[in-house]
Amino acid sequence: MEIPVSNNFVNDFDIFSSVSDMQNKIYLSTDEEIKIYLPSADLLSNRVILFLLACLSAFGAQNEKRIIFRCNFPSYAWDESNLASFFQLHTKDDVIQLVSRNISKQIPVLMTEKVEDRLVSLIGEVYNNAVEHSGSEYIIGNCCSVTNADSENSRMCFYCYDAGIGIIESVRRFLKREYPNLFYEYRMQNAKLLKLALKRGFTTKQPPRGVGIDWLLEFARVNSGYVRICNENVLFEQNSIGQITYEELSNTFHGLFFEMHIMEDANAIYKLKGE
């Protein structure tokens, strides 16, 4: 089976819609080997697309299918090494802590030790959620620094994907188990389930552990960064001025995609309240 990648994306919503469509074709295919056809090398300049291609590899592996990429441009422009920068996460707590600490060191802002510790805890929580609650053996991540084309400022880009059940299904199962009345109200409303998961103080863990992802959303907002989450048929985005949108995809996006960008700020020092 061969699946072509579109070369006519108008916006990021189109990208996620296309990837969810490819995921469904992979899931429904009876072939053990799936070829993904890349029509243009220009696609490789888009970091989100490149990471989502790695997500397709992880999703294929989760479903016992091998994903092979093919292209009609010079072979030196693409091979499997293009995905080598996306690491597959180890599941040991000490490794997660080390990865999280290394990521926090790349955030291009000045911060106190307490703020850094909070970030390390939360980034680790993103990975721990993938490891403990997704049911996936295939979890990938990436962190890099990018210089903006229109300025000398840089930004940190952080990505994580797991091919498991995702945050929406995790919340749905939690409500069914602990709050059946809410479950019957929310069970078919995916955007509401995701909104509940992002609500301050909400957790599916018993006993509650760590800090909520809402803290990370707030950190990105005050830093003019942005956060994007995609799961099931919901694409969530908080933009650089804190505006939040929930868009509905026509197909299910399998697994959980998390993306965060933090902008460089050399003129501020970030502290917790009370420091």
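These legends describe close-up views of one predicted model. Residues are numbered from 1 along each chain as its sequence is written, and side-chain values use heavy atoms, with hydrogens and water left out. Local features need pLDDT of at least 70 and side-chain atom pairs pLDDT 80 or more, while totals for chains, interfaces and linings use all residues.

**View 1. The chain as a whole.** The chain has 8 helices and 10 strands, taken as DSSP runs numbered from the N terminus (helices H or I, at least four residues; strands E, at least two). Of its 275 residues, 48% are buried, meaning under 20% relative accessible area with a 1.4 Å probe, protein chains only. Among contacts (heavy atoms within 4.5 Å) between residues at least 6 apart in sequence, 71% join residues at least 24 apart.

**View 2. Packing of helix 1 on helix 2.** Helix 1 (residues 12-28) and helix 2 (residues 47-62) pack at about 15 degrees, their axes 11 Å apart; axes are lines fitted to C-alpha atoms over the stretch in contact, and angles run from 0 to 180 degrees between N-to-C directions. The two helices are therefore roughly parallel, a term for angles under 35 degrees. Helix 1 contributes Ile15, Phe16, Val19, Met22, Gln23, Ile26 and Tyr27 to the contact, and helix 2 contributes Val48, Ile49, Leu52, Leu56, Phe59 and Gly60.

**View 3. Cysteines.** The count is 0 disulfides, a disulfide being a pair of cysteine sulfur atoms within 2.5 Å. For Cys160, which is in no disulfide, the nearest cysteine sulfur is that of Cys55, 8.9 Å away. Cys160 is buried, at 3% relative accessible area, and Cys157 is buried at 1%.

How values were computed
Buried means under 20% relative accessible area, exposed over 50%, partly exposed in between (1.4 Å probe, protein chains only). Angles under 35 degrees count as roughly parallel, over 145 as roughly antiparallel, 65 to 115 as roughly perpendicular and the rest as oblique.
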